Amino acid sequence: MGAFVLSKGKIVSLTITVASPGSREQRTVETGTTGLDLFGTNPDIVAMKVDGEVRDLRAGIADGAEVEAVPAASNDGLHVIRHSAAHITAQAVQRLFPGTQLGIGPAIENGFYYDFRTEKPFTPEDLAAIEKEIKQIVRERQPFLRRVIPDAEAAVEFAAEPFKMELVDLKGKPQDAETAGEVGGNELTVYENMRRDGSVAWRDLCKGPHLPHTGYLKAISLTRTSAAYWRGDQANPQLQRVYGTAWASMDDLKAYQTRLEEAAKRDHRKLGAELDLFSFNDLVGSGLPLFHPKGGIIKRAMEDYVRQAHIDNGFEYVGTPHIAKEDLYYTSGHLPYYGDFMFPPINDEGQAYRLKAMNCPMHNLIYSSRGRSYRELPLRLFEFGTVYRDEKSGVIQGLTRVRSITQDDSHSYCTTEQVADEIRHLLGFVLKLLRDFGLNDFYLELSTRDDGKKKDKFLGTDEQWAVATKTLEEVALASGLDLVADPGGAAFYGPKISVQAKDAIGRTWQMSTIQLDFMQPERFGLEYVAADGSHQQPVMIHSAKFGSIERFLGVLIEHYAGAFPAWLSPVQVLGIPVADEHAEHLEAVAAQLRARGVRVEIDHSDDRFGKKIRNAAKQKVPFVMIAGFEDVAAGAVSFRYRDGSQQNGVPIADAVAQVASWVESRRNDSPTAPESQG
Ligand SMILES: [Zn+2]
Ligand SMILES: [Zn+2]
C-alpha cells in the first residue's frame, strides 16, 4: 500500500508511519530504509518497534509499516542494552580465557548474566579484567549483525560449544523463558560482532534484538559471580555465572548503585539482628522466624492495632486450628491445585492431615455451621491465622518470604448487591491502615482473567467475571489512586485488587489484597435465606490488610531503616545518667512515664556516657533522656532526639507530657528539638 511503483515494477519508495508519543507522521522513504536511517543520528535510540515488535535498528522496514523509536531508558530499550551487554561480556570472557564454553546469557531485572564452563571459578581480579576487556570491546564499536542460519551450519559454527548445540536441539520444543531467548522459535538466528576488517570477532545464537554496535553500551558494571548448574539441574555440569548491570547512562548506573547501597543499609535481615528483633535458627528450620522481645513488641503493636481495626470495621474475631484433615482442602479445591505450596501430609492412624496453608476453608465452615439469613450479611470473619507454605529454600528471604505466615486474613460474605459497597469498605480500611503505619505512596493493581487462550483455566461464567471486574474497577477508580491493569494476573477463582505501596526509597511492595472468589461458596455449598425466602449463594471476598505480619514487619523495618515511629519503637525512651548518681533521678521520671504507658529503659551499664549515647543512636531510640547535675538541681531532664538535636532543662512534668502525647498521637515522623533550641 502507498508504494510508488515504477513502470518496470521496481519499488523505489515506501510509505511508512513514524509514531512517537502524541504524534503519527506518514513518510515516504527509499526502499531498504532501516531504523538507523530514521533514528541513527540519536545515540539514545537503541532499537525500534515495527508494528509493535522490538527490532534491530539495522533491520529493513517494509512498506506500510508503523515504526516507533525505542529510547535507551525505556523498558524495551534497557532489555536490548542488557542483552547486548551479556554478549559483550561473553566475548570479553572468551578473549581473556580461550576455551571457556558458553551457557546462556539472558537479560534479567536490572541487568543480565552469562553462564560459562571454566577451568576454575572467576576471582574478583578476573572480574576486573573482564570489565576492562568489555570497555575495549565497547571502544571497538563492533556492529551486531543478525543472520538466519540452518541448523546444519550452526552445528559447524558452534561445534566447540556443546551447550549451545544442546539448545539448537531443543529449538521448537517447549522451553523455559530463559533458554527460549537464546534460540527463538523455529528459525535459528545468530548475531555476529564484526571487526573493522570485516571478520567475525564473536558470535552467539540469539533471537535478538541488539544494539546497532557495541559503542552504544554506555554504562555497565559486573556485580558478582556464582555457581549455577546447566539448565538449573544439579545433575548437569556446574557453570560459573557472571552477573552484571547495565543502564542507559552512567548517571542511571550510579543512581542504581546508590539505591543498592541504600537498600543494603536498610536490609531488614541485617537490622533485625542489630536491633535484636528476630532471628532464624537451623534447629527450627529456614523461613521459620523467632521473634525476640523487641521484635515481639512491634509485632504485638501491629496485632493490637489490626485486631481493633477489624472490630471497628464490623468484623468478628474467630479462631481455627493449625492442622485439618486433608479432605477439607479437597473440598475447598486447594488440593490438588495448590499442593506444591502445602507441606506434605501428616499421617495419623491412616488419616492424612495437612498443616493449613489458608484460613478460608475453616471460615467457610463457621459460616455454614448454621443457617444464615440475608439480615446477617455482610458477615465478616477475621483471625490472625498462622498458615504454613512449603516455599522452596531458594526463594525464602528474611521475613519477606517465610514458611510460617501470620495472615490478618478476613472473609466477607455478602449478597451480590452488597459487593460494591463491601469492596469500597475494605479498600478504605486497607488504605487507612497503610497510612496509619506511615506508608503514604501507593497505587492499585487490578488483576483480571486472561481472556485469550488461557481463558478456560479460569472458573466462573463470563458474566460473573465481567460484573466482578467492572465492580472492582469502579471502586478502584473512585478511590482516586492510580490503577494499573494486570491482565491475566488473577487467581483462577476470581479477580482481585492489590495495593502496591512504595517505601521510603521508592521500592514497590505488594501489600494488601481484596480478592473475589467464585469457587469456594459453591464448593462448600454456602447459602443464605433471601428476603423472598429463597436460598441464595453469598459472594465471598478474601482480604488481607497487612498481608502477613512477618512480611509487613520486614517492609516496615526497611521503610524506616529501623528508626521506627515512637509508637512502634520497642524502646521509646532510653534514660542515660551523666554519672551514676543521676540514675535515681531518671528512674523517678521513668516511673511517671511508665504510668502513662511509655516503654522506658535506663542504661545502668558501666559504659562511659559517650558510649551510652552512641549505643542509643545505634538502637535508633526516638527519645534519649539525659540527666546531669543541672537537670537534677532544676527538677528537669534533657532530651537528645534521633536526629541529634537536643532540648535541655525540660521540667519533669513537661517532659512526661511531651513524650506521652507524642506516643499517643501515633505520628510517624521522628521527634526533634523545637527550632529555638537548635
Ligand atoms: Zn542476544
Ligand atoms: Zn481467604
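Residues are numbered from 1 along each chain as its sequence is written, while chains are lettered from A and ligands numbered from 1 in the order in which they are written. Because the model is predicted, local features need pLDDT of at least 70 and side-chain atom pairs count only at pLDDT 80 or more, whereas totals for chains, interfaces and linings use all residues.

The protein chain has 19 helices and 34 strands; these are DSSP runs numbered from the N terminus, helices being H or I of at least four residues and strands E of at least two. Taken along the principal axes, the box filled by its C-alpha atoms is roughly 100 × 75 × 60 Å. Of the 678 residues in the protein chain, 37% are buried, that is, with 20 or more other C-beta atoms, placed from the backbone, within 10 Å of their own. Among contacts (C-beta atoms, placed from the backbone, within 7 Å) between residues at least 6 apart in sequence, 66% join residues at least 24 apart.

One sheet can be followed strand by strand. Five strands form an open sheet in the order S31-S30-S32-S33-S34, and their pairing is mixed; two strands pair if DSSP finds at least two bridges between them. At the edges are S31 (600-602) and S34 (646-651), each pairing on one side only. On average, neighbouring strands of this sheet are turned by 25° against each other, direction ignored. Within the sheet, S30 (residues 573-577) and S32 (residues 623-627) pair in the parallel sense over five bridges. Val573 has Phe623 in S32 as its bridge partner.

Two helices pack on this sheet. H16 (residues 583-595) touches S30, S31, S32 and S33 (636-641), and its direction makes about 170° with that of S31. H17 (residues 609-618) touches S30, S32 and S33, and its direction makes about 170° with that of S30. Such angles run from 0 to 180 degrees between N-to-C directions of axes, which are lines fitted to C-alpha atoms, for helices over the stretch in contact.

Another packing involves H2 (residues 75-96) and H3 (residues 124-139), whose axes are 8 Å apart at an angle of about 115°. H2 and H3 are therefore roughly perpendicular to each other, a term for angles of 65 to 115 degrees. Residues of H2 in this contact include Ile88, Val93 and Leu96, and those of H3 include Ala129, Ile134 and Val138.

Terms used
Parallel < 35°, antiparallel > 145°, perpendicular 65-115°, else oblique. Buried ≥ 20, exposed ≤ 12 C-beta atoms within 10 Å, placed from the backbone.
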